[in-house]
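Please keep the sequence and the 3D view at hand while reading.

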Amino acid sequence: MGKKAKAVHVAGDFPYQQGKSSNNQIYMINEDNNTVSVIDGLTDELIATINVGRQPVNVNGNSSTNRIYVTNKGDDTVSVIDAETNTVISIIPVGGQPSGIGINPYMDRVYITNAASDTVSVIDGSTNIVVATIPVETHPINLDVHPYINRIYVANKFKNTVSVIDGLTNTIMATILVGDQPNDIGVNSSNNRIYVVNKNSNTVSVIDAGTNNVIGIVPVIAQPSMVDINGANNQIHITNEENSIVSVIDGATNIVIATLPVGDQSIYTITDT
């Protein structure tokens, strides 16, 4: 399901990544103490604290199966949480320094970027087993899934490319040159566009998923780091880390139509619904 849902602004000493289950529970990682906090989405109350692996850095959820996946950078594992019981039901070894998490709910496949191994691990969600390891380019940091066409888009931070994976064969079908240090990537399945945040170029590359060609380069502000896509209104939100400003891009015109100030040194994160 990728990062199709709303973005959440988390600042200060709060956990900085979160995901959402189908029963309206919000999962927030706490990197410093190797736990995940579970918040009731209706009452905003803490209802559970779950021990996961060492140095958790990302979280995503599959609302079709009500399972939550946490990448643990410090011990090269993925923790799988049952959202019904809020317990860890599996710990899956993957590659070095796992980071990004993408999910195809229709295929029940989970994709993990391994930044230190230059690979993507493919997990079968029904068995919690790695069924494929796909070589990509240098330092894959984040990825997103286009579930309707079963393709996975991987941002290779230190190669300035995006690897396009065919989800049926688990092979690379294209490699696309983008800007300097792509840091995050988002799929807008409503218009078949892929948005790549280039941190050192201060730009967003727009890819046509039908042709795998870059069809636009959108200037933003300083050090863009994260992307969130609202398919309902075809707007793309980009966090500019240096100035704590969110750039809003019109997906129809690829023009920045608004800049929104947020908190100092804030991190704009993604929840999955």
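In this predicted model, four strands form an open sheet in the order 14-15-16-17, and their pairing is antiparallel. Strand 14 (140–146) and strand 17 (171–177) each have a single partner strand and stand at the edges, so one side of each is left without a neighbour in the sheet. From one strand to the next the twist averages 20°, where axes are lines fitted to C-alpha atoms and angles run from 0 to 180 degrees between N-to-C directions. Strands here are DSSP runs of E with at least two residues, numbered from the N terminus, and two of them pair if DSSP finds at least two bridges between them.

Within this sheet, strand 15 (residues 151–156) and strand 16 (residues 161–166) run antiparallel and are joined by six bridges. One of the residues to look for is Y153, whose bridge partner in strand 16 is V164. Strands of a sheet pair through backbone hydrogen bonds, either parallel or antiparallel.

As for the numbering and the limits of the model, residues are counted from 1 along each chain as its sequence is written. Because the model is predicted, local features need pLDDT of at least 70 and side-chain atom pairs count only at pLDDT 80 or more, while totals for chains, interfaces and linings use all residues, and side-chain values use heavy atoms, with hydrogens and water left out.

A search of the whole structure finds three salt bridges, a salt bridge being a side-chain nitrogen of Lys or Arg within 4 Å of a carboxyl oxygen of Asp or Glu.

| Salt bridge | Closest N and O atoms |
|---|---|
| D124 and R109 | 3.5 Å |
| D208 and R193 | 3.7 Å |

D124 is buried, with a relative accessible area of 12%, whereas R109 is partly exposed at 24%; buried means under 20% relative accessible area, exposed over 50%, and partly exposed in between (1.4 Å probe, protein chains only).

The salt bridge of D208 with R193 links D208 in strand 20 (residues 203–208) to R193 in strand 19 (residues 193–198), 15 residues apart. D208 is buried at 17% relative accessible area, and R193 is partly exposed at 24%.

E241 is partly exposed at 35% relative accessibility, and K199 is buried at 15%.
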